[in-house]
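This briefing concerns the architecture of one protein chain. Please consult the sequence and the model shown below.

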Amino acid sequence: ALASFASWEFRDPIFGYLLRPATAALGPEGAPLQAIAPTEIFFTHMKCALLAGFFFTLPITFWHVWSFVAPGLYPSEKRMTLPFVLISTLLFVAGALFGHTYVFPLIYKFFASFSSDYVQAAWTMREVFALNVQLLLAFGVLSPTAQSVAAIAVPDPFAEAHGESCHRLVIRFAAEYRPAPEVPGRIADASRPGATRTPSSPSRR
């Protein structure tokens with residue numbers, strides 16, 4: 001909340017930076033976005049401040065994620081708290097920055113290319129900001145997830161020493177966020193050292 005409140009003072013430059021790929025795709029010199037509701041500018045700026053606050057507090061977020069999975073780890077594995085928080089934060093920011101710098105312009109140029117003499121693109125700030133948030137989170141989550149998979153799959157000394165803990169971490173994260181009624185069972189299975197879970201066979205009548 002404090003980070004979001006502080007970000008409100010810088011909402012205009014933050015908002016302009018986030019939407020730069022979209023405005024640049026609308027014309028060679030850029031074009032302003034549209035606001036079609038009286039409250040659209042205010043609430044979109046508020047969401048922008050909340051997003052900035054989320055990014056500024058990423059270390060705290062990953063710290064809480066690690067605190068959630070730490071009870072199921074060995075004491076030696078719990079010493080990875082600080083490396084996990086730092087690496088996850090850097091990877092999340094790097095993934096989001098990569099997507100915003102190199103991928104977002106291609107996406108918005110592709111959508112803007114459908115403009116014609118009969119239809120001109122006039123995007124609203126609310127829709128563009130919502131798409132930006134989805135893409136930022138997708139690219140941000142992609143980097144730590146890929147790093148976790150690489151730590152499990154690549155046979156190097158670090159993977160051999162901590163591969164099992166990374167495996168349980170990925171399982172518990174997936175179990176927490178997959179929409180299925182068996183989440184508690186998957187979390188319990190992932191917490192047991194050396195436990196493996198095989199897909200259950202379909203019931204036969």
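Buried residues (under 20% relative accessible area, with exposed over 50% and partly exposed in between, for a 1.4 Å probe and protein chains only) make up 34% of the 205 residues in the protein chain. The model is predicted: local features need pLDDT of at least 70, side-chain atom pairs count only at pLDDT 80 or more, and totals for chains, interfaces and linings use all residues. Residues are numbered from 1 along each chain as its sequence is written, and side-chain values use heavy atoms, with hydrogens and water left out.

**Fold**
- The protein chain has 9 helices and 0 strands; these elements are DSSP runs numbered from the N terminus, with helices (H or I) of at least four residues and strands (E) of at least two.
- Of the contacts (heavy atoms within 4.5 Å) with a separation of 6 or more, 70% join residues 24 or more positions apart.

**Nonpolar core**
- A nonpolar core is a set of buried Ala, Val, Leu, Ile, Met, Phe, Trp, Tyr and Cys residues joined through side-chain atoms within 4.5 Å.
- The largest such core holds 31 residues, and L51, F104, Y108, W123, V128 and F129 touch the most other members.
- At least two core residues come from each of helix 2 (11-18), helix 3 (20-25), helix 4 (40-56), helix 5 (58-69), helix 6 (81-112) and helix 7 (125-153).
- Helix 6 supplies the largest share, 8 residues.
- Beyond its neighbours within four places in sequence, W123 is in contact with A22, L26, L33, Q34, Y108, F111, A112 and V128.

**N132**
- N132 lies in helix 7 and is buried, with a relative accessible area of 2%.
- Not counting residues up to four places away in sequence, N132 touches L18, L19, F104 and Y108.

**Helix 4 and helix 5**
- These two helices pack at an angle of about 65 degrees, with their axes 5 Å apart; axes are lines fitted to C-alpha atoms over the stretch in contact, and angles run from 0 to 180 degrees between N-to-C directions.
- Helix 4 contributes F54, F55 and F56 to the contact, and helix 5 contributes L58, P59 and T61.

**Second largest pocket**
- A pocket is an open set of points on a 1 Å grid over the protein atoms alone, where a 1.4 Å probe fits, with protein on both sides within 12 Å along at least five of seven lines; lining residues have an atom within 4 Å of a point.
- The second largest pocket is lined by 13 residues, with Y17, L18, F55, A96 and L136 nearest its centre.
- Helix 4 gives the largest share of this lining, 5 residues.
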